[in-house]
Every structure is written in structure tokens, then in C-alpha cells.
Amino acid sequence: MPNIQQLEDLTTQVRRDILRMVHKVNSGHPGGSLGCAEFFVSLYNEIMETKDGFDMDGIGEDLFFLSNGHISPVFYSVLARAGYFPVDELNTFRLIDSRLQGHPTTHEGLPGVRVASGSLGQGMSVAIGAAETKKLNNDKHLVYSLHGDGELQEGQNWEAIMYAAGNKIDNLISTIDVNGQQIDGATHNVLPLGNLRAKFEAFGWTVLEIKNGNNIEAILKGMAEAKTMTGKGKPVCVLLQTVMGNGVDFMMHTHAWHGKAPNDEQLEIGLAQNPETLGDY
Amino acid sequence: MKTYTNTGNKDTRSGFGAGLTELGKTNENVVALCADLTGSLKMDEFKANHPERFFQVGIAEANMIGIAAGMTIGGKIPFTGTFANFSTGRVYDQIRQSVAYSDKNVKICASHAGVTLGEDGATHQILEDIGLMKMLPGMTVINTCDYNQTKAATLAIAKHHGPVYLRFGRPKVANFTPENGDFEIGKAVKLTDGNDVTIVATGHLVWEALEAAKALHEEGIGAEVINIHTIKPLDDNAILDSVSKTGCVVTAEEHNYLGGLGESVARVLALHQPTPQEFVATNDTFGESGTPAQLMDKYGLNSSAIEKAVKKVLKRK
């Protein structure tokens, strides 16, 4: 059984990392990062089967693709704290000559990243390709991907969604971060997404919802269930309902902190709400 | 003057298909993806031989490029196939981020390039693709001249690690390079020796350049024809060696002069050896419907256009 308290402590530390990273360079995307902290911590510490070390091909292990690359702070923090690269390197986020680019990339050779993302809507296609190769290689491990809900406004996703069902990509679990927010406001005001469950089901996917996507136990339970749905001829979609900015009260339930860094005072408030657990970088 | 024999007109796309068929038998990591143009790309044989390694993605080119990028993770070598227009402009950002910036070993194979696809008209013709692709860091750009060379290039790019754009076409054109010849990426091929003018040509214009050289030879003008199959990385030395002898150059390509081979050559010359140059290329225009021969004539992309350009550039020496 996973130790929930340990995962929660790690999540608290990840939140501190996110806040400190974006504060230092006065740029980056804290809102979506905070909203997905529990998911990333659960994914990398409990859900995925990964090998020690990192190689690009990832044969014999589960793979993860982040499509909404702007939430790089949470990705970097969780990768570093899972041992992919030194935690101290979080200090270099968005600085010149860093491997921790504003949006994740393979270009600088950062362990844990297998494709560049940032220009939205491309990650599901890439994940499908990796899943196809796993099938060709007779590699039974799974491919995971994460996408923003607003990101589904990009048409390429629907090409990918159609392909995955039509070609029985049943070793893929694509999670949608349903936080209802995007840069210009609430998704229902910018461009309504409609009923995502009905849409994915209509395209031929198995859909599972995690109502409290900021609760580690709910995530573990939901993702375990999602795993049981793989290998049955259909791709699996998880609708993960999260709160943007979760864990920092003044950042929650608003799009205002999508791409804005806290100032000194706001940082202190945010950190006070998330006391140090595993040690700051 | 060295002359070349046309062993029979063939389409370059069939050279691609033949190369892919051979790769299917010799390299189990090669996979092929197509966006509903399997017959047009001559991928049928690969599909029939290796259905498990052939991926029909439907009319969804962006998804095809992304899937290809993902398939490299785990060691596959994906060859994507569609028309040049849909292989480049339509999916530029997917190639830029998921393939080029991510350094994925994807081979983007593009048929029906230029105006010579003919009657379909400008929506399906593209004269900007070389420029689009050569601007991407790390992208290798190849434009082959005949069936044999396209087959050889298809085999060669499977051995090269990194993203490649391979451009070929639909019309049946002279097949004159050696059967089963070597193909060295980035290495120009000097076809004729001459002291008066260098003709640097790519793709379908290489045969036209040879025809022009023959006619010029009869007028006492010695043209050195260089077949540039790889536009990036460009064989700078081959060009510089030749123009240091001839003192002038004509570039010839089935592409807009903006962004094409000619501009790449001009940069090399400007940096190392400023030399009079004339451009045989389209003049910042879209194509239109017509037969390939009519279009090549109307848009100044044939041997007579090259001859005219040679006479013009000779006066500027």
C-alpha cells in the first residue's frame, strides 16, 4: 500500500518548488502546475512502472508525454525529485544555458523528457506513436499522456482521438486536466468544450472520471481502475477534475495565475500555506 | 562533353516506392505512414508486404507527423508519405516542434512537389517547400532528379539518423543516373565538365540542365553541370571549386526563387567568392492547372530557360 502521507508531503514540497521556480524568474505557469501536482506525484511515484535512469527509447517501461508543456514547473519538480536529474537544477528554470527551458524539450538533453511540447495539441499524436511502437516491440508497458482541457480546442487532438479509437490503441491512457480555465478566462466563455465524456465516448474511447483530481487517494484509485481498462481494444481517457492553483488559496479557482508569477509578498504567503517537507532545493 | 542516356522515362515517386519496398525487406525498423495517398506515393507494395508496419492515418497529416515522431521512441524509423504541400506547409508546426526541435528520426517523404503534378493546380502544387524545410535547424533537405536517384536516396536516408525531408514528383521524366548507384547525403555530383559556366540544378531541372549543356556545347559554350540532390547540408566546396573555374553560375530548380536552392548557393558565393548568378526558378508566384510540359514552359523551368539564363550570366562575367 502506498504511504499517502509521504505522497502528500512530496506534493507540498512540489508546490513550494513550483512557486519558487516561477517567482525567481518572474515568469512561467503556476496555476496549471499547482492543479496537477497531486497527479504528477502519483503518476511518477505510484502509477507508472519506470526503470532506473533514463534512455530515450524507454523500452520495458511506462512512458509519459506532457502535451500542455507550459506546466513545466510541476513536471520538472517531480522529475527531479524522482531522481531524473539533480534537484538543485530546479534553480536554473528558464535561465540562459539551462536544460530546464520554459517549455520542456529534448533539445538540451534533460532526462525524463521525450518530446518537446508547448505549441499545443501535439502530444496525443506523439503518445499514440509511442504506443504503436510499444505494440510493434511487443512491449506490454503503457503510455500515459496529459492534456489541458482548453488544449482540446486544437483540432489535431480530434484527429488523434479518432485514430486511437479506430486503431485500437488500448495501451494508452490520456488524461485531460479539466480545470475549466484557460488564458483568456473560463473555457465555457472562451470556446465551450461541451460534454467531454460524451465526445470521447462517441469517438470510441473508454472514459473514466476522477471527480477530485487534487486528492491523491482518488487519483490512485481512479488511475488503478484506468489501468484495468487497458488492453481491451479501446484507448482510455481520464477526465481529471482539478482546481487551477490548488494549494495556494489566492491562486485557486481563477485563470488569473495561468501564466503569472507571484511577487515577493505573494510568494511568502504561498510558501506559508505549504510548509517545507522534504527540503527546498 | 560527357553525355547521359535516358534509359526510359519514369516517375521519381516510383523510385521512392521501390526504395521503400527494399527497405521493408532489409530493415525491420522501417515503418511507413500514409495520409490516404498510398497509391499516389507508391507505397502499396510496402503495405502489402508488411501490413503490420504500415499505418494508414487517414486525411489527418498533423496527426501523422506526431505519430511518426512518437514511433521513433522505441527505435522505429518512420517514413511519412503524402503530397509535398501536405507534407510541409500544412504541418509546419508539427514538424518544427515534434520532429525537428525534438530531433526525431522521421523521414518526411513528399511527392507531387513543384508545378509538374499538373492539372490539379496550385492548391496541390507547392513551390515553397524547400524554403520551409531548409529553415528548420537540423533538417536535411533532399530533392532527387530521377527514379534511380530517388530510390538510392530512400535507402540512404534510412541509414542517416535525424529528420529528413525527401522531395520528389509525379511526372515521368528521364532516368539517367546509375541503377543502384551510391547516394551520399550532402555530396554534390558533377555531371559534366566545362570552363565557361556552372549550372547548379536540383530535382527535375537536372535533366533539363544536361539538355541545356548539350545545346550550349554545340554553340561552343562549356557548361559544368552539378547535380545538387542535397540542398541542406549544401556541398559548398563543390560549388566553389566549379565557380572558381567558370566565374559564373546558373541555379535551376522547380521552386520559388525565394527560399530555394538558388538562395542557398548565393549565400555560399556571397560569403566566399562573389560571383554573377542567374536564377531559373518560379518568380514568387503560385502555379496553375496545365500539363507538366506546359507549366515548365510557362514558368521558365526547362532547358531553354536555362540556356537563356546562361547567356545572360555570361555577359555579366
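Colleague: Why are H3(B) and H5(B) called roughly parallel to each other?

Modeller: In this predicted model, the axes of helix H3 (residues 61-71) of chain B and helix H5 (residues 92-101) of chain B cross at roughly 5 degrees and come within 9 Å. Axes are lines fitted to C-alpha atoms, for helices over the stretch in contact, and angles run from 0 to 180 degrees between N-to-C directions; helices (H or I, at least four residues) and strands (E, at least two) are DSSP runs, numbered from the N terminus. Angles under 35 degrees count as roughly parallel, over 145 as roughly antiparallel, 65 to 115 as roughly perpendicular and the rest as oblique, and H3(B) and H5(B) are therefore roughly parallel.

Colleague: What makes the contact between H3(B) and H5(B)?

Modeller: On H3(B) the contact is made by Ala62(B), Ile65(B), Gly66(B) and Ala69(B), and on H5(B) by Gln94(B), Ile95(B), Ser98(B) and Val99(B), where contact means that the C-beta atoms of two residues, placed from the backbone, lie within 7 Å. These residues divide into five nonpolar, three polar and no charged, with Ala, Val, Leu, Ile, Met, Phe, Trp, Tyr, Cys and Pro counted as nonpolar, Asp, Glu, Lys and Arg as charged, and the others, Gly among them, as polar.

Colleague: How are residues and chains labelled, and which parts of the prediction are used?

Modeller: Residues are numbered from 1 along each chain as its sequence is written, while chains are lettered from A and ligands numbered from 1 in the order in which they are written. Local features need pLDDT of at least 70 and side-chain atom pairs count only at pLDDT 80 or more, whereas totals for chains, interfaces and linings use all residues.

Colleague: Why do S1 and S6 of chain A count as edge strands?

Modeller: Five strands of chain A form an open sheet in the order S1-S2-S3-S7-S6, with parallel pairing, and two strands pair if DSSP finds at least two bridges between them. Strand S1 (63-66) and strand S6 (206-210) of chain A each have a single partner strand, so one side of each is left without a neighbour in the sheet.

Colleague: How do you know that S3 and S7 of chain A are paired?

Modeller: Strand S3 (residues 172-178) and strand S7 (residues 236-241) of chain A share six bridges in the parallel sense, and Ile173(A) stands opposite Val236(A) in S7(A).

Colleague: Which element gives the largest share of the side of chain A that touches chain B?

Modeller: That share, 10 residues, comes from H5(A), in an interface where 29 residues of chain A are in contact with 22 residues of chain B.
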